[in-house]
Amino acid sequence: LVFDAVPPAEAQPEEPVDPIGLFVTRPQDGEVTVGGNIMFTAKVAGESLLKKPSVKWFKGKWMDLASKVGKHLQLLFLLLHSTEGSEESGELNFSALLKKRGDGKSDSQPDVDVWEILRKAPPSEYEKIAFQYGITDLRGMLKRLKRIKKEEKKSTAFLKKLDPAYQVDKGQKIKLMVEVANPDADVKWLKNGQEIQVSGRYIFEAIGNKRILTINHCSLADDAAYECVVAEEKSFTELFVKEPPILITHPLEDQMVMVGERVEFECEVSEEGATVKWEKDGVELTREETFKYRFKKDGKKQYLIINESTKEDSGHYTVKTNGGVSVAELIVQEKKLEVYQSIADLTVKARDQAVFKCEVSDENVKGIWLKNGKEVVPDERIKISHIGRIHKLTIEDVTPGDEADYSFIPQGFAYNLSAKLQFLEPPKIHLDCLGQSPDTIVVVAGNKLRLDVPISGDPTPTVIWQKLLFESEGRVRVEKHEDHCVFIIEGAEKEDEGVYRVIVKNPVGEDKADITVKVIDVPDPPEAPKISNIGEDYCTVQWQPPTYDGGQPVLGYILERKKKKSYRWMRLNFDLLKELTYEAKRMIEGVVYEMRIYAVNSIGMSRPSPASQPFMPIAPPSEPTHFTVEDVSDTTVALKWRPPERIGAGGLDGYIVEYCKDGSAEWTPALPGLTERTSALIKDLVTGDKLYFRVKAINLAGESGAAIIKEPITVQEIMQRPKIWLPRHLRQTLVKKVGETINIMIPFQGKPRPKISWMKDGQTLDSKDVGIRNSNTDTILFIRKAELHHSGAYEVTLQIENMTDTVVITIQIIDKPGPPQNIKLADVWGFNVALEWTPPQDDGNAQILGYTVQKADKKTMEWYTVYDHYRRTNCVVSDLIMGNEYFFRVFSENLCGLSETAATTKNPAYIQKTGTTYKPPSYKEHDFSEPPKFTHPLVNRSVIAGYNATLSCAVRGIPKPKIFWYKNKVDLSGDAKYRMFSKQGVLTLEIRKPTPFDGGFYTCKAVNECGEAEIECRLDVRGNQIDIMDILWITLTLQGKTNNNGI
């Protein structure tokens, strides 16, 4: 606060005079960032003041900052005075508390804490210090100082107190927290000395030693002093609520009125009931001027109303908030201008003249012409004239650029005379191909065809599209715009080709143009390819070009193949095939394949062709191997060979044998058709001919190469010495068991066919007992069932003329041996028995290999082997049991096995006991017999007719008693209606589907040697129909009226 006692001469004119006559300069609004410094300054005219006035600063309307002391706010008091031209200055420093984030120190003034000075000064100096630093509220100062000194004492109730001050934005949440020494202590929260009650906005929390006050949605009413009270101790703080900036959401608008009319400026701000400041030409409109201006608030809307406007009210009006400014101009006219003739709309053609004319009541009024809001500048083509009350705008040689909205505005009047100039232009199609041959547009089939044709004309011309051959339908549409038209065909097809004509018309004229459209596409699929020249793993594929190439030349072809049973096609070439044939390789022999082809042009690849006929890559087999002549006679030749080394997947169908005479080139089939054997006998040949022979293998792929005998074969019998090829196993004695089959084959050679004879032990064989079969290459001896007399030496003799060959075969037929003879017990001593026997009389035509000795206890006669493969004819059997008697037997054994029977000792061998003989004591046998006794009785029963019923009881008795059932004293044993069971002493009588006649008394009787017992029960059989009494009882039961005894 600055007091100017004698204002300097040069500064006097610059200071505005306060309307009240006291303030020279008022405090101005300001903005500052958090943590920054801000200074508010006010100047007071002090030449008429006799003494220094008292000064108070307020925050808002009611908060006196003089009582809020702290180092964050400083009040500077400057007294300026002049004495005979010299100026001296004095300075007084006041401090009050204003919560700021940061120290807020000033470069020009030191940071003086008045409360620190007062705290250290004696009480007699308080008044002097208060006067020095401008503190006028001495009582408040003393209270505050007393509270500060009290707070200096170490607190016993608080571990951590509240901060001196807090700041929060309006609408936000803040937490005030203290820490108390006693976790169970109760605290009170006060606001401006009044206790705060729990509500939706105020929340109290106690977490351990912490006590928290949470204030939700802070408003300006929450800007106050807060206290936390624990017992007798208090903690103080100040909460400052910062308002958000108020924005102008709808600005002021310029207005033009006549003298005496009501003026109302309106704006809209971001908060309801906000405070705004109105200014006119930079001067604030205050409340003292409410007789002239009226301020109004309606929610977020703010109004400034001037009831009767005057000429002096013209100017710029401003509305200000702490977050925005809006300015509008007010024009107040003295009198009204009459318009006798307004400007009219014009429609002109190119090169014509356009004249806008208007007439007003005052011939001295000037004005300006506007084109689309911009002032018209005259030139050679545009003329502006003003003759008396008539104003003209003339435009020569009108062009399209002249088409616009034209306005005439009289100066000083709120008039705006407007008209429109419309330019008429003949339609025009702007194509580069006009006047030449029709332009061609190429489109790919399936794509969208879009023809954008620029057009001009005013008014906008109508557009007509035509196709010269026929009208398009369905997928065709036309879009019309101001400066162009669009012709669209969705998914172009081959049928869309042709010449299209576009015609534009308007009232001025018409224009037309032709456009040729060509549709190109991928080629049609070729026909199915053909397969030829099939080999082992290759084939030749041939195809024809597609019937339609899609409007573009075919660039090549793509070939694919797949296995017949597969769905996966494999591409064979990656570079396009230019030719119409291709040799496909690397196929698997024996697998069935299919081929297909694609045609490719610059647009793309066609759909695949149909698949070719299935085919299988196969190759003919290789030639047969080891082709030789096996035998030659006067009229026949015997050939043999082996299968080819490579047969292939095509298999082998057979062989073809051919011969050719020496000196001839003609081959004659030697056999009718194919033979599957690997040998052949060629008959009916001419004796003495020299012949070549060859053989070929045949399969699906054709003939193999020929296997040929290089030298000619003469058809003539060849003498060969007889020779017997005796098999190795027949060179030793052939041993067979009785009953086995003997089949001996002995191969030989010799030509012509030798004479064969068989002999046994020098005697001719009996053909009835032994079978002999001879062929050209072997002889066979066959005995169906061998006997012992078939043993002997067999001699085979081959004879061709005076040449012979002989071999001998020894056959031994064996059988099981007979039992040993003369077995006897040689000696018995202790636990041992000595046995002796003699070899069997029949050894089965084979050597005796050993004996098997067995023993058996007389009690069980179970035989156990003592020795097997025993080669002697006597033995000692040990480890026998004392007191037992034993039998012994012996089997003989040869190659056929054990003998059928054994030699057995006639008498048993007794193993004598030694020592004292034990005589067991005799006991009297106990008699367990007892008479029958029923342990479970029969029970009276009532059953329903038609359902099987059973009667059960239990009986005990030794020996087991016989059971008899009676009905009404009649025995039921022979009646099939009843079934009787007895299991573990439980007796059951089953009555099958009883009827009411089966009711009565049933008796069960048990009898044994010791006596008898019987038991009786009654059986009632009820009918399965419900009588009237049952129905009545059921009805009463449902109604709850039955008593304990029934009805």
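I noted that the model is predicted, with local features needing pLDDT of at least 70, side-chain atom pairs counting only at pLDDT 80 or more, and totals for chains, interfaces and linings using all residues. Residues are numbered from 1 along each chain as its sequence is written, and side-chain values use heavy atoms, with hydrogens and water left out.

**Whole chain.** I recorded 4 helices and 83 strands in the protein chain. Of its 1047 residues, 36% are buried, where buried means under 20% relative accessible area, exposed over 50%, and partly exposed in between (1.4 Å probe, protein chains only). I then looked up contacts (heavy atoms within 4.5 Å). Among those between residues at least 6 apart in sequence, 62% join residues at least 24 apart.

**Negative patch.** I returned to Asp842, which is partly exposed at a relative accessible area of 41%. Asp842 belongs to a negative surface patch with Asp766, Asp769, Glu787, Asp815 and Asp843. Patch residues have over 30% relative accessible area and no salt bridge; like charges are joined within 9 Å, and nonpolar side chains (Val, Leu, Ile, Met, Phe, Trp, Tyr) within 5 Å. A salt bridge is a side-chain nitrogen of Lys or Arg within 4 Å of a carboxyl oxygen of Asp or Glu.

I found Ile38 in the loop between β2 (23–25) and β3 (43–45).

Notes: Areas by Shrake-Rupley, 256 points an atom, 1.4 Å probe, with all protein chains shown as cover. Lys, Arg positive; Asp, Glu negative; His and termini not counted. Charge placed at Lys NZ, Arg CZ, Asp CG, Glu CD. Helix = DSSP H or I, 4+ residues; strand = E, 2+ residues; numbered from the N terminus.
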